[in-house]
Amino acid sequence: MTVAKPRIIQLDIIRGIAILGILLMNIQSFGLIRAAYSNPIAQGELSLLNQIIWMLVHVIADQKFISIFSILFGAGILIIWEKSIQNEFNFVKLMRKRMMWLILIGMVHAYFIWYGDILVGYGIIGLIAMMFRNLNFKKLLIWGSIFFIVPLLLNMFFAWTMQFWPEASIAESASQWKPGAEIIEQELEIMKGPYWGQMSMRAETALMFQFGIFFFYTLWKCLGLMLLGMAIYKSGFLIGKVSRKTLTLVSTIGIIAGSLLILTGVMLNFQHNWSFEFSMFKGVNFNYIGSLFMALAYIAILNILAKTKATSILFTWISNIGKTALSNYLLQSIICTLLFYGHGLGLYNSLPIWQLIILVVIVWSTQILLTQIWLKGHKQGPVEWLWRRLAYGKPVTIISKD
């Protein structure tokens, strides 16, 4: 199948930044106990250095890069739709196959590599998002905003109804939010143990993400962001087809408004000592909203930079990560599980946050190097090739002709 449109370099750069950026948060899930991802003092007070590093990562990365990736996923649906019109192939049939195979890849990832998989959710939500492709910018913006605010409304509802919860339910939830020494010890024993011994916890957590968290949070947030991604793609903003003044304005407002909201949330959470009663359903909302402002600001900034530095070596490296985003997402999981889990080096819950961030830089460097080597002889990443081969149902060229 021939495709007339070339790749959009800005989207590869933005996607590459998103893939690299999500590791700043995911490393905490790989390297620390499960509760520490949401509650930084789940194991006690942080040292001054670790608190500063945590705050920087929280403001810069938490939910920002996964939001960008969701926005790009929505835009990607429209790009495939445009290609289907150009090349006269069945868009709906292709998308269904792409999403179903993505779900299967995600299931393997979630249950055999890392429970924090997002691909299953993206596959399901993508099947819904594609039905909105014909809407104009305004309607996509409205529907995207409606879906995006659903988790906020649910959080407000849960926070209000908590006063009516049985005490046993509150105590159980609080113990997961800030586990005791015995629970932590059990988790460490499992995750530092042999591979097959980890399966019970991996499956349990993956199921929680795919059912509980998915229906109350992931579905609405990611669907909203995908539709917003479609909207800003149609407007031209996502690929920089707006004035530099507009991009500068969005980046300025996004950084200022987003940072103020997020820092307010951080301050309030620490004032409430990250209590389950406040932080779980109230304190989290500041970063939830602020992250959208920051994500849009990052997209604007990257478009400004791409217009002047798209040919620089750094941007070439980053765009290559974007071209192989799925392969690199899975590669991060493979590398990190080998670093932290018992079938690898067993560093689980052994390193403070500042050392985890050093590891992030090392993993980034490894990914960039391996990606450059791979793309010297191939046109796409190995998992991208497999996904396309399964979706199209026929051989797809992977060896580069350059």
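D62 is in contact with M25, Y37, V57, N287 and S291, leaving aside neighbours within four places in sequence. The model is predicted. D62 sits in the loop between α2 (48–60) and α3 (64–87). D62 is buried but has no salt bridge. The nearest side chain of opposite charge is K64, 5.7 Å away.

**The α2–α3 loop**

- Q63 lies in the loop between α2 and α3, where D62 is also found.
- Most residues other than glycine have a negative phi.
- Q63 has a positive phi of about 75° although it is not a glycine.
- Q63 counts as buried because its relative accessible area is 13%.

- N349 is a residue other than glycine with a positive phi, near 60°.
- N349 is placed in the loop between α13 and α14.

**Salt bridges**

- Side chains of opposite charge can pair when their charged atoms come close.
- The count of salt bridges comes to 2.
- One of them joins R15 and D12, with the closest N and O atoms 3.0 Å apart.
- R15 and D12 both belong to helix α1 (residues 9–31). They are 3 residues apart, so about one helical turn separates them.
- R15 is buried, and D12 is buried as well.
- R34 and E187 form a salt bridge through their side chains, at 3.7 Å from N to O.
- R34 lies in the loop between α1 and α2, while E187 is in helix α8 (residues 181–191), so this pair ties together parts that are 153 residues apart in sequence.
- R34 is partly exposed, with a relative accessible area of 30%. E187 is buried, with a relative accessible area of 5%.

**Aromatic pairs and a cluster**

- The whole structure holds 26 aromatic pairs.
- Y115 and F209 have ring centres 6.2 Å apart and planes at 15°, so this pair is stacked.
- Y115 is in the loop between α4 and α5 (119–129) and F209 is in helix α9 (residues 199–235), so the pair ties together parts 94 residues apart in sequence.
- Y115 counts as buried at 4% relative accessibility. F209 is partly exposed, with a relative accessible area of 29%.
- F158 and F216 make an edge-to-face pair, 5.6 Å centre to centre with 65° between the planes.
- F158 is in helix α6 (residues 137–161) and F216 in helix α9. The two are 58 residues apart, and their pair links distant parts of the chain.
- F158 is buried, with a relative accessible area of 19%. F216 is partly exposed, with a relative accessible area of 47%.
- F158 and F216 also belong to one aromatic cluster, together with F157, W165, W177, F276 and F281.

**Nonpolar surface patch**

- W101, L104, M107, V108, F112 and W196 form a nonpolar patch on the surface.
- Together these residues have about 600 Å² of accessible area.
- V108, one of the patch residues, is in helix α4 (residues 91–112).
- V108 counts as partly exposed because its relative accessibility is 43%.

**Helix α12**

- Helix α12 spans residues 313–323. F315, I318, S319, N320, I321 and G322 are buried in this helix.
- The cover over these buried residues includes α1, α11 (276–309), α13 (325–340) and α14 (353–375).

**N269 in helix α10**

- N269 is placed in helix α10 (residues 244–271).
- N269 counts as buried, at 4% relative accessibility.
- N269 touches W274, F278, S279 and G283, not counting residues up to four places away in sequence.
- N269 and Y298 are 29 residues apart in sequence. Their C-alpha atoms are 25 Å apart in space.

Note on methods. Residues numbered from 1 in each chain as written. Predicted model: local features only at pLDDT ≥ 70, side-chain atom pairs only at ≥ 80, totals over all residues. Heavy atoms only, no water. Patch = residues over 30% accessible without salt bridge, like charges linked within 9 Å, V, L, I, M, F, W, Y side chains within 5 Å. Areas by Shrake-Rupley, 256 points an atom, 1.4 Å probe, with all protein chains shown as cover. Salt bridge = Lys/Arg side-chain N within 4 Å of Asp/Glu carboxyl O. Helix = DSSP H or I, 4+ residues; strand = E, 2+ residues; numbered from the N terminus. Buried < 20%, exposed > 50% of the residue type's maximum accessible area, 1.4 Å probe, protein only. Lys, Arg positive; Asp, Glu negative; His and termini not counted. Contact = heavy atoms within 4.5 Å. Phe/Tyr/Trp six-rings, centres within 6.5 Å; stacked < 30°, edge-to-face > 60°.
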